[in-house]
Amino acid sequence: MYYKLYVARKENKLKQVDVAKKLNIHSVTYSRKETGEKEFTLSEAFKLAEMFETTVDKLFGGEIK
């Protein structure tokens, strides 16, 4: 699981479906990516970092838990 991404989403009071819409992907696909079952594309990672006003490294750095 990408814990920092999960926390950022919760702190911004967003649901997975909200973030999925911003990435133009299905909510199930987003869920699988957030839990680490699938990988985010580089483009998606940069969009997420921008959305949460952080860097890709800070958002995705560390291990998948």
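**Exercise 1. Where is the place of Glu44, and which residues does Glu44 touch, not counting residues up to four places away in sequence?**

Solution. The structure is a predicted model, and the work begins with locating the residue in it. Step one: the place of Glu44 is in helix 4, a helix that spans residues 42–51. Step two: buried means under 20% relative accessible area, and at 8% relative accessibility Glu44 therefore counts as buried. Step three: leaving aside residues up to four places away in sequence, Glu44 touches Leu23, Ile25, Lys33 and Glu39.

**Exercise 2. Find how many salt bridges there are, and state for the pair Glu44 and Lys33 which parts of the chain the pair ties together.**

Solution. Side chains of opposite charge can pair when their charged atoms come close. Step one: a salt bridge asks for a side-chain nitrogen of Lys or Arg within 4 Å of a carboxyl oxygen of Asp or Glu, and by this rule the count comes to two salt bridges. Step two: one of them joins the side chains of Arg9 and Glu34, with 2.8 Å from N to O. Because Arg9 lies in helix 1 (residues 3–11) and Glu34 in helix 3 (residues 27–34), this pair ties together parts that are 25 residues apart in sequence. Both Arg9 and Glu34 are buried. Step three: the side chains of Glu44 and Lys33 also meet in a salt bridge, at 2.6 Å from N to O. Here Glu44 belongs to helix 4 and Lys33 to helix 3, so the pair ties together parts that are eleven residues apart in sequence. Step four: Lys33, at 6% relative accessibility, counts as buried, and Glu44 counts as buried at 8%.

**Exercise 3. Work out which residues of helix 2 are buried and which are exposed.**

Solution. An α-helix has 3.6 residues a turn, so residues three or four places apart point the same way. Step one: in helix 2 (residues 16–23), Val19, Ala20 and Leu23 are buried. Step two: these residues cover an arc of only 105 degrees around the axis, which puts them on the same side of helix 2. Step three: Lys21 and Lys22, on the other side of helix 2, are exposed. Step four: the buried residues of helix 2 pack against helix 1, helix 3 and helix 4.

**Exercise 4. Describe the largest nonpolar core by the number of its residues and by those with the most contacts inside it.**

Solution. In soluble globular proteins, nonpolar side chains tend to be buried together. Step one: the largest nonpolar core has 15 residues, and those with the most contacts inside it are Leu5, Tyr30, Phe40, Leu48, Phe52 and Phe60. Step two: helix 1, helix 2, helix 4 and helix 5 are the elements that give two or more residues to this core, and the largest share, three residues, comes from helix 2. Step three: Phe52 touches Leu5, Ala8, Arg9, Asn12, Leu14, Val19 and Leu59, when residues up to four places away in sequence are not counted.

**Exercise 5. In which loop is Lys13 found, and is Lys13 buried or exposed?**

Solution. Step one: Lys13 is found in the loop between helix 1 and helix 2, and although it is not a glycine, its phi is positive, about 55 degrees. Step two: exposed means over 50% relative accessible area, and Lys13 is exposed with a relative accessible area of 75%. Step three: for comparison, Glu53 lies in the loop between helix 4 and helix 5, has a positive phi of about 50 degrees without being a glycine, and is exposed with a relative accessible area of 75%.

Key:
Residues numbered from 1 in each chain as written. Predicted model: local features only at pLDDT ≥ 70, side-chain atom pairs only at ≥ 80, totals over all residues. Heavy atoms only, no water. Helix = DSSP H or I, 4+ residues; strand = E, 2+ residues; numbered from the N terminus. Buried < 20%, exposed > 50% of the residue type's maximum accessible area, 1.4 Å probe, protein only. Arc of directions from axis to C-beta. Contact = heavy atoms within 4.5 Å. Core = buried A, V, L, I, M, F, W, Y, C linked by side-chain atoms within 4.5 Å.
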